[in-house]
Amino acid sequence: MSDDQKEIDLVNRDPNEINARLGTLNFNEIFGEPEGIHSIDCVWKLSYKCFELWKKLCYIILTTCCGMCIAAEWGCEFAYIAFYHIWFITPCMKVLEINCGVCQKIYSLCINCCIYPFCEACGAMFNAFKK
């Protein structure tokens, strides 16, 4: 199914829980009055209602004013990353893979032709000291 045919889930908007760390941002997770020092009950209740109202209202205003522009910017950013990987990074990695493969073969030949016989000869010299 292509991205155009997928429906957006308007109920579960964070199915991968990428913002679970924010929790629900409840009033009692932000404010708390310890025993022995309480405000007047009506102040506490109105504070709760103000908190909830302004949290929702400000979020709606910010997402309405900025949400689409920010989403467009992030869409452009991820398109740029995909473009950069497809047209620059992946071909560069392929060039490195090809060139490093050649260097690996040259290194292996040098080791096997020059250093390995020398080490084997030295080993044979010390073989006489074996008990």
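These legends accompany several views of a predicted model, starting with the whole chain and moving on to close-ups.

Figure 1. The C-alpha trace spans about 100 × 50 × 25 Å along its principal axes. The radius of gyration is 33 Å, whereas a compact globule of 131 residues would have one near 14 Å. Of the 131 residues, 2% count as buried. The accessible surface comes to about 12,500 Å², and carbon and sulfur atoms account for 69% of that area. As for charge, the protein carries 11 positive and 15 negative side chains, with the centres of the two sets 10 Å apart.

**Figure 2. Phe27 and Phe51, an edge-to-face pair of rings.** The structure holds eight aromatic pairs, and this view shows one of them, the pair of Phe27 and Phe51. The ring centres are 5.6 Å apart and the planes meet at 65°; since an angle over 60 degrees counts as edge-to-face, that is how the pair is classed. The two partners come from distant parts of the chain: Phe27 belongs to helix 1 (residues 27-30), while Phe51 sits in helix 2, 24 residues apart. Phe27 has a relative accessible area of 6% and is therefore buried, the cut-off being under 20%.

**Figure 3. A cluster of aromatic residues linked by ring pairs.** The members of the cluster are Phe27, Phe31, Trp44, Tyr48 and Phe51, and ring pairs link them. Ser47 can be found in helix 2. How exposed is Ser47? With a relative accessible area of 31%, Ser47 is partly exposed.

**Figure 4. Glu52, a buried residue in helix 2.** Glu52 is placed in helix 2, which covers residues 41-127. Which residues does Glu52 touch, leaving aside those up to four places away in sequence? They are Leu25, Asn26 and Phe27. The relative accessible area of Glu52 is 14%, so this residue counts as buried. One of its contacts, Phe27, is buried too, at 6%.

**Figure 5. Tyr80 and Tyr84, a stacked pair of rings.** Here the angle between the planes is the thing to look at. The planes lie at 25° to each other and the ring centres are 5.8 Å apart; because planes under 30 degrees apart count as stacked, the pair gets that label. Both tyrosines are in helix 2, and because they are four residues apart there, about one helical turn separates them.

**Figure 6. Glu17, a residue with a positive phi.** The last stop is in the segment before helix 1, where Glu17 is placed. Most residues other than glycine have a negative phi. In Glu17, however, phi is near 50°, a positive value in a residue that is not glycine. Glu17 has 58% relative accessibility and so counts as exposed, since the cut-off for that class is over 50%.

How values were computed
Residues are numbered from 1 along each chain as its sequence is written. This is a predicted model: local features need pLDDT of at least 70, side-chain atom pairs count only at pLDDT 80 or more; totals for chains, interfaces and linings use all residues. Side-chain values use heavy atoms; hydrogens and water are left out. The radius of gyration is taken over C-alpha atoms; the globule rule is 2.2 Å times the number of residues to the power 0.38. Buried means under 20% relative accessible area, exposed over 50%, partly exposed in between (1.4 Å probe, protein chains only). Accessible areas come from the Shrake-Rupley method with a 1.4 Å probe; for residues, only the protein chains shown count as cover. Lys and Arg count as positive and Asp and Glu as negative; His and the chain ends are not counted. The place of a charge is taken as NZ of Lys, CZ of Arg, CG of Asp or CD of Glu. Helices (H or I, at least four residues) and strands (E, at least two) are DSSP runs, numbered from the N terminus. Contact means heavy atoms within 4.5 Å. Rings of Phe, Tyr and Trp (its six-membered ring) pair if their centres lie within 6.5 Å; planes under 30 degrees apart count as stacked, over 60 as edge-to-face and the rest as tilted.
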